[in-house]
Amino acid sequence: MTVRTLAPAMYDKVTTAVARDTGDRRTAALWIHAAGLARHAREHGRLPAGAQPPGPDGLRKSLEDLASCHPALAPLTDPQVLPVWDQPLGDAAWEILDDFWARHPVLEAEHRVDGYALGDTYQMLSEDARKGRALCQTPPWIARLLLRLSLEPAMEEWGPADVRMIDPACGTGHIAVAAFHRARVPPARGRRRSPAGDGHQAVERALATVAGVDLDPYAAALTAYRLLASCASILRISLDHVPGSWPVNVAAADSLLDGDEPLLRAGAYHACVANPPYITPRDAGVRDRVRAAYPQVAVGKYSLALPFTALMLECLAAPGGYVAQLTANAFMKREFGRRYVTEFLPRFDARWIIDTSGAYIPGHGTPTCILVHRARPPVGDTVTVIRGNRGEPRVPEDPARGLVWSAIEDAVDSRLARDRFQEGLERFQRGEVTSSE
Ligand SMILES: C[S@@+](CC[C@H](N)C(=O)[O-])C[C@H]1O[C@@H](n2cnc3c(N)ncnc32)[C@H](O)[C@@H]1O
């Protein structure tokens, strides 16, 4: 079953109808989304079976059931995370949202339940998350490339059991969930095939590999749910059978300013992967605090993407750790990027600079690029650059197969193949491998 998000007007219509009861669109969006989440958990059998009262009481019961499945889901009953109960719904508004989910369920193919569409739906419903915090989900094909250039080499270098990755602006978890799947099935080396990764141990290990932090506590709770739902789906168990001791490394925090959040400890990650917010903070107080905390990059009307790069390269990454990001390319053209380009970035080992401004990335109106660095001073004299010549001639039917994106993937493939060949040849010449290996 493929779940497609609907036209924006459909989400707008249901939010407007429910907001007549709640009085504001933010709470209406949360009511609607929480009901979709409960339906997702129930219909995929991820919740323990049990009688369900109708209406909002049923939603409250489902959220309590979910919260009791694993400590990481406890925020779903926290009124600070889901502030809906003070603005109750009447029967008519409940019927509208219930009917919406009955007609457009966010269900997935049984072999892979990971709440992907739930994440997209939150973006579509919550204007507050979109406009206020720059929530813009990372399409899976972008996440795949970012992980290929960061988590995968990190897994080879540090070993799948020890490697740790974080997305410090994880949203509803598209990158984090993709990293979980990648960590579960480590990349094949040479002719050796990777293990299937669907045993309890491999699933727990993959869960321990991944961390995510987001300012939006409901988005962070969704990331936790999606990681646990992925585990439950792979193991074919309900959520309450996922051991409560399994690590779900997800937190709601301000990654740029919260020095006390344990997941943001310095030097803990071999791969930092993000699609950070590109906006400038609207609140002058926050703008100044970020400027004071990141004077090396937060200059003038800076974009938050710059302090996020500094956070990843100077703080979160272990020495030599990989930092991959899809980011706005405005820093290349605007004054606020001058110091970043001339003084900050040259201190690090740039590996890839990929112009993605010509690619069609749904939801990303801003021209983008992919930057991959290692958290160490520059090594060698090569940076791989993929330059864009032209944009897509028309909006591709399948953005993952757009002409520009396909050309980028082909260029990455041939460069990686060449590097691997070169590496093998050098090892052979040093006598580290024989011709039969
Ligand atoms: C472009 S979205 C990230 C998408 C996500 N990485 C994914 O996998 O789809 C940017 C996210 O940054 C979060 N954000 C904005 N400022 C933040 C901050 N100071 N600390 C942590 N997260 C922040 C927003 O709430 C939003 O979810």
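This is a predicted model: local features need pLDDT of at least 70, side-chain atom pairs count only at pLDDT 80 or more; totals for chains, interfaces and linings use all residues.
Buried here means under 20% relative accessible area.

Strand β2 covers residues 210-214, and five of its five residues are buried, so the strand is largely enclosed by the rest of the structure. Look at which way the side chains go: Val210, Gly212 and Asp214 point one way, Ala211 and Val213 point the other way, and all are buried.

What does β2 pair with? One partner is strand β1 (residues 165-167), which runs parallel to β2 over three bridges. In that pairing, aspartate 167 has glycine 212 of β2 as its bridge partner. The other pairing to look at is with strand β3 (residues 249-252), again in the parallel sense, over four bridges. There, valine 213 stands opposite alanine 251 of β3.

Aspartate 167, the residue bridged to glycine 212, has a side-chain N or O atom 2.8 Å from a nitrogen atom of the ligand. Taken alone, the ligand exposes 600 Å², and the protein buries 97% of that.

Stepping back to the whole shell, 21 residues surround the ligand, with Thr138, Asp167, Ile175, Asp214 and Asp254 the closest. The shell splits into eleven nonpolar, six polar and four charged residues. Domain 1 (1-136) and domain 2 (137-437) each supply at least three of the shell's residues.

Methods:
Residues are numbered from 1 along each chain as its sequence is written. Side-chain values use heavy atoms; hydrogens and water are left out. A residue is near a molecule or strand if one of its heavy atoms lies within 4 Å of it. A polar contact is a pair of N or O atoms within 3.5 Å; within protein, one must be able to donate a hydrogen and the other to accept it, and residues adjacent in sequence count only if both atoms are side-chain atoms. Accessible areas come from the Shrake-Rupley method with a 1.4 Å probe; for residues, only the protein chains shown count as cover. Ala, Val, Leu, Ile, Met, Phe, Trp, Tyr, Cys and Pro count as nonpolar, Asp, Glu, Lys and Arg as charged, and the others, Gly among them, as polar. Domain bounds come from an automatic or database domain assignment. Buried means under 20% relative accessible area, exposed over 50%, partly exposed in between (1.4 Å probe, protein chains only). Helices (H or I, at least four residues) and strands (E, at least two) are DSSP runs, numbered from the N terminus. Two strands pair if DSSP finds at least two bridges between them.
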